[in-house]
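Please read the following account with the model open.

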Amino acid sequence: MTLLTAAETAAAVLAGTTTAVAETRSALARIAALDPALGAFQLVRAERALAEAAAFDATLDARVAAGERLPLAGVPIAIKDNIPVAGEPMREGSAATSAEPRPADHEVVARLRAAGAIIVGLTRVPELCVFGTTDSVYGTTRNPHNPDRTSGGSSGGSAAAVASGMVAVAHAADGMGSIRIPAANCGLVGLKPGSGLVPADMGAHSWFGMSENGPLATTVQDAALMLSVMAGRPALGEVVIPRGLRIGLATGIPTPLASLDPEWKAAAERAADTLRAAGHEVVELRIPYPADPLPVLARWFAGAADDAVHEGLDVRRLEPRVRAHVRAGRVLRRLGGLRPGPVTRLRARVEAATAGVDVILTPGLAQPGPLAEGWHRRGWVANLRANIGYAPYAALWNLLGWPAAAVPAGWHDGAQVPLSVQLVAHPSADGAGEALLLGVAAQLEAASPWRRTATAPATVG
């Protein structure tokens, strides 16, 4: 049976043709069948989710009569294990964290619940969400399309849960690409909002404002629907197709530590051709990636160091690779690596270089994701090289706070994994950039439908 989208599930629950309990039971059955091989979930809330679904069904008529909007009515959803869910521990992929339940929901969780979503579980992350592969002392999360390879990170558990069809949508979070990298690995739509659109409030300071909460979904409409709830902006749930844009195709490599696989470059070029055929102008664009990576690396390293302090963790209990990451963050802070000046100058250069385009189009990744197993037992430098080498396109937009999205864009025959492109828009306080990205993504989806889950046939455009 084809997995319903989140939008279809909510419509069916509101129409009375299914119930939150029935949808939750189905999701839990899929998790029980599929998760042992994929390792997407840190914790499954089977009894509590069913109880919450039953309570939702019992009050649905009254809530509808009272005029409540329930855009996620009865939709089973997964939450990344890096924001609090009331009554559950938040382990963040680490044995050093507390097993005590958190007393209250994060604001994003509260908004999802208020929209009718049923939280079926918490998904796995690498320790402290630091890396672009998801494995830890709790286990390895695998790509449903090719279980030998990583699902990406740090939202790898959420991506595996969605790409396998365990749930139709999941919460994710992105500090250095942690929504877009798993989305690219697993053939999903993933959107990192720009600064301030969705409540962040992760760890000590959301990695100096680089981290954002956002959706992972199998369709653009579901991503839009979930983003609209997380942002508290219902209008974002209506995808509007844009006309006559100027698209900047940027396939330059951000760092000498990476090389661009021809398949990933070709995927971006095909997407550009699709958008050109849809009536947009496509121009070649050179992004002035920073020659000095220190501003973004310092915030990545020091953000993890501050999170360890914020959570009161014993650093000696962290994985060796994360201990090294934390030490580097402390050193770079002392050496002035967090000065705002370099970021201000970089922002000005990027704004000037991109002023003539509405949307930037880049490859989603430079290389297929690496093999899944064993990264938490490898050294810090090996992890850095692997992460930067395969996923260099994402981090700049975290540093600048611009909205960016990953969109499926074909299939890599050699690696047997999906291909993807990244779309980036200029920031705006009202969500206009995010809406623009969703509209462009919808045009790509309509022109080149993708396989929604690892076991499903391609959708019909």
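Helix H4 (residues 107–114) packs against helix H8 (residues 220–231) at an angle of about 120°, and their axes are 8 Å apart. Here helices (H or I, at least four residues) and strands (E, at least two) are DSSP runs, numbered from the N terminus. Axes are lines fitted to C-alpha atoms, for helices over the stretch in contact, and angles run from 0 to 180 degrees between N-to-C directions. The angle makes H4 oblique to H8, given that angles under 35 degrees count as roughly parallel, over 145 as roughly antiparallel, 65 to 115 as roughly perpendicular and the rest as oblique. The crossing of H4 past H8 is right-handed; a crossing is left-handed if the near helix is turned anticlockwise from the far one by less than a right angle, and right-handed if clockwise. From H4, Val108, Arg111 and Leu112 meet Met226, Val229, Met230 and Ala231 of H8, where contact means heavy atoms within 4.5 Å. By class, the contact of H4 with H8 has six nonpolar, no polar and one charged residues. In this classification Ala, Val, Leu, Ile, Met, Phe, Trp, Tyr, Cys and Pro count as nonpolar, Asp, Glu, Lys and Arg as charged, and the others, Gly among them, as polar.

The model is predicted: local features need pLDDT of at least 70, side-chain atom pairs count only at pLDDT 80 or more, and totals for chains, interfaces and linings use all residues. Residues are numbered from 1 along each chain as its sequence is written, and side-chain values use heavy atoms, with hydrogens and water left out.

Attention now turns to the aromatic rings. The structure holds four aromatic pairs; rings of Phe, Tyr and Trp (its six-membered ring) pair if their centres lie within 6.5 Å, and planes under 30 degrees apart count as stacked, over 60 as edge-to-face and the rest as tilted. Phe131 and Trp300 form an edge-to-face pair, with 6.4 Å centre to centre and 75° between the planes. This pair links distant parts of the chain, 169 residues apart: Phe131 is in the loop between strand S3 (118–123) and strand S4 (135–136), and Trp300 is in helix H10 (residues 294–310). Trp300 also forms a tilted pair with Phe301, at 5.5 Å centre to centre and 40° between the planes. Phe131, Trp300, Phe301 and Trp380 form one aromatic cluster.

How buried is Phe131? Phe131 counts as buried because its relative accessibility is 1%, where buried means under 20% relative accessible area, exposed over 50%, and partly exposed in between (1.4 Å probe, protein chains only). Trp300 is likewise buried, at a relative accessible area of 4%, and Phe301 is buried too.

Burial also characterises helix H5 (residues 156–163): eight of its eight residues are buried, so H5 is largely enclosed by the rest of the structure. Among the buried residues of H5 are Gly156, Ser158 and Val162. Ser154 lies in the loop between strand S7 (146–150) and H5, and the peptide bond from Gly153 to Ser154 is cis, with omega near 5°. Just after H5, Gly165 takes a positive phi of about 90°.

Phi of Ser206 is near 55°, in a residue other than glycine, and Ser206 is buried, with a relative accessible area of 7%. Phe208, found in helix H7, has a positive phi of about 55° although it is not a glycine. Phe208 is partly exposed, with a relative accessible area of 31%.

Arg180 lies in helix H6 (residues 180–186) and counts as buried because its relative accessibility is 3%. Beyond residues up to four places away in sequence, Arg180 touches several others, including Asp174, Trp397 and Gln422. Gln443 lies in helix H15 (residues 432–447) and is buried, with a relative accessible area of 9%.
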